[in-house]
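Subject: Structure handover

Hello,

Please find the structure below. My notes come after it.

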Amino acid sequence: MQPTPFCNLDCSYCYLPGRDDKRRLAISTVEATLRNIIESGLLGPDLTVIWHAGEPLVVPPRFYAEAFQRIASLVDGQAAVHHSIQTNGTLIDDEWCDLFCAWSVRVGISIDGPADIHDLHRKTRSGRGTHRDVMRGAQRMREAGVPFHAIAVVTADTLENPDAIVDFFVQSGISDLALNVEEQEGINPRSSLAGAEDRVARFYRRVFERALASGGRLQVREFDQARDAILCGLQTFTLGEKRYVANEQVRPFEITTIDCEGNFSTFSPELLGQSHARFNGFALGNVHRDRLIDVLATPRFRELFGEIMAGVERCACDCRYYFLCGGGAPANKLFENGRFDSTETAFCRNAIQRPLDVSLELLETLANKPQSAALASPC
């Protein structure tokens, strides 16, 4: 759910349009969304609400306290509700920490590493670096006993500094790290990682080696995901008479994205609010007037879904990494290749293939050490 499109920062690699737009999500739209999900029969045993697509902390804590309560009342025990917020961290104070504690909110803070790397791209609207403000927010979280994870965007400036990246997060006591490669997506027309795939692989190799050697002081999402894909059985879903590798970005309404006006889409969350020469936006309806389940029968949905699944079929036939990603992210295919029914993207190579290749190498090296904690998985 998009609390607001507005962001108080001006990060150079952001894909989101409308970051000057100060509209805010209404509580009535939150309620309409939950009623729509329930009436459409889409509520499963777990409901995770991710507050994102702008800087969510621009909207005050009292809004979330009311929204969380309304959601809990509407769900009424039919599902376990989880809330997640992805924030740039600059606005965190004690009031936010109280809210996070009271509602067990899972919080992600965007931190690209030490100040000299972070401040290259994550700046205020006046051009000032934000590292000091982010770390002040992170310290507030620690003092309040609120756990959080970090998401670091990997750019060309990051690649030559894997040890500095690891040293920073270990020394800062941040043990849960995700690495988001810079993407060619939305209003970011080019990734600085273009043509740098060998360097990307070397970066992952060093970060993964350091994470393994840290004795659990640093967990890196990309290594954990690749390890689990290698060691665990495949998860699949059935569509018609065919079975596909699980991929929440191609299964209708497994991810449902709601903008601040109640317009909704599915598949890749990055699509909502974007424009593209081949499509007149990606909104499928509005929660105030359209039932989610009803759009499955519309020509617009069928066009999008048909092209997306054609791309999944091609990935299943052509790509040896299909077991890991289930056909990849439709948004990346569209913004890089111009079509959903395409296959490999630079994002796929940098975010899926290279981490798997490096993880395989490391796991093979550790294969003669069956007691190694590095091989532990939740399977």
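Predicted model: local features only at pLDDT ≥ 70, side-chain atom pairs only at ≥ 80, totals over all residues.

Residues are numbered from 1 along each chain as its sequence is written, and side-chain values use heavy atoms, with hydrogens and water left out.

Helix packing

Helices and strands here are DSSP runs (H or I, at least four residues, for helices; E, at least two, for strands), numbered from the N terminus. Helix α2 (residues 61-75) packs with helix α3 (residues 94-103) at an angle of about 10 degrees, and their axes are 10 Å apart. Axes are lines fitted to C-alpha atoms, for helices over the stretch in contact, and angles run from 0 to 180 degrees between N-to-C directions. The two helices, α2 and α3, are therefore roughly parallel to each other (angles under 35 degrees count as such). On the α2 side the contact (heavy atoms within 4.5 Å) is made by Pro61, Tyr64, Ala65, Phe68 and Gln69, and on the α3 side by Glu95, Trp96, Leu99 and Trp103. By class, the contact of α2 with α3 has 7 nonpolar (Ala, Val, Leu, Ile, Met, Phe, Trp, Tyr, Cys and Pro), 1 charged (Asp, Glu, Lys and Arg) and 1 polar residues (the others, Gly among them).

Salt bridges

The count comes to 30 salt bridges, each being a side-chain nitrogen of Lys or Arg within 4 Å of a carboxyl oxygen of Asp or Glu. For accessibility, buried means under 20% relative accessible area, exposed over 50%, and partly exposed in between (1.4 Å probe, protein chains only).

- Arg210 and Asp163 meet through their side chains at 2.7 Å, N to O. Arg210 lies in helix α7 (residues 197-213) and Asp163 in helix α6 (residues 162-171), so the pair ties together parts that are 47 residues apart in sequence. Asp163 is partly exposed, at 28%. Salt bridges with shared partners join Asp163, Asp167, Arg206, Glu209 and Arg210 into one network.
- Arg128 and Asp133 form a salt bridge at 3.1 Å, N to O. Arg128 is partly exposed at 44% relative accessibility, and Asp133 is buried at 11%.
- Asp228 pairs with Arg227 in a salt bridge, with the closest N and O atoms 2.9 Å apart. Both Asp228 and Arg227 are buried.

Leu177

Leu177 sits in strand β5 (residues 176-181) and is buried, with 2% relative accessibility. Leaving out residues up to four places away in sequence, Leu177 touches residues including Ala150, Phe169, Leu218 and Val220. Leu218 is 41 residues from Leu177 in sequence and 7.2 Å away in space, C-alpha to C-alpha.

Regards

Technical notes
Parallel < 35°, antiparallel > 145°, perpendicular 65-115°, else oblique.
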